Amino acid sequence: MSDSAHPESSFSSRAAVSSRAWVVGGVSYANSAAKFWPLFLDEIQARYPHADRLTLAAPGDGPLHPGLLMPEQALAESLERINNDTDFSVAMRSIAAELEVTGPPAAVTLAIAAGEKLLKNEELTDFLDAEIFPFLLVWLLEWSCLKEAAWNRPGLRGDFLADDVDRCVRYRIAFLLKNSYLSEGLFRRSLALRWDRAQVARGECL
């Protein structure tokens, strides 16, 4: 659904301003996750000024692992496996058959709340799906310095500070991740996230 057709249902990020990097623990990050999270949170804050909590939930295929921190490496490995196949057409038919069975990626559900009041509950369709979600999620775990052995526990909490040094905006983020095992390597993940943002002096940016 287009943003013009239903302005409250599509997150076009018109109200948010992206930055070149996010600084966490004195380290500058310019990957996709470091650009997604401040942009996404700013957009929600612009649309719902009183919002202080969001929940993202989606099914997941397989456990969370450090390899998800570098999606380009996973893509390279997939391409290498295809290139090593003696019959490229066989590999392509296999991929096409798998897609026909599995269908498109599952949707991510988003709930936005202010205190105990639910402001929005919808399925995201235009920029985030269940296949992309884990690649963004694991960076929250990494920035919170959570040990990899804990990433797939039924429940784990994390928090961290992040600075947008271009705009001198500091984010305080705290979250609860619930991993529910379904069957045959499938999980249901629910991320409850609270945040606030504040303008800081340029010299105070991390």
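1. Residues are numbered from 1 along each chain as its sequence is written, and side-chain values use heavy atoms, with hydrogens and water left out. As the model is predicted, local features need pLDDT of at least 70 and side-chain atom pairs count only at pLDDT 80 or more, whereas totals for chains, interfaces and linings use all residues.

2. Strand β6 (residues 155-164) runs antiparallel to strand β7 (residues 169-181), with 10 bridges joining them; strands here are DSSP runs of E with at least two residues, helices are runs of H or I with at least four, and both are numbered from the N terminus. Two strands count as paired if DSSP finds at least two bridges between them. G158 faces F175 in β7, and the hairpin, with 4 residues between the strands, includes C168 at a positive phi near 55°.

3. β7 also pairs with strand β8 (residues 186-199), in the antiparallel sense and over 13 bridges, with Y171 opposite R197 in β8. Their hairpin has 4 residues between the strands, and E184 in the turn has a positive phi of about 50°.

4. Strands β4 (residues 107-114) and β5 (residues 117-129) are antiparallel and joined by 8 bridges, A107 having D129 in β5 as its bridge partner. In this hairpin 2 residues lie between the strands, and G115 takes a positive phi near 65°.

5. Helix α4 (residues 133-143) is largely enclosed by the rest of the structure, because 9 of its 11 residues are buried, where buried means under 20% relative accessible area, exposed over 50% and partly exposed in between (1.4 Å probe, protein chains only). Among the buried residues are W139 and W143; C145, which follows α4, has a positive phi near 60°.
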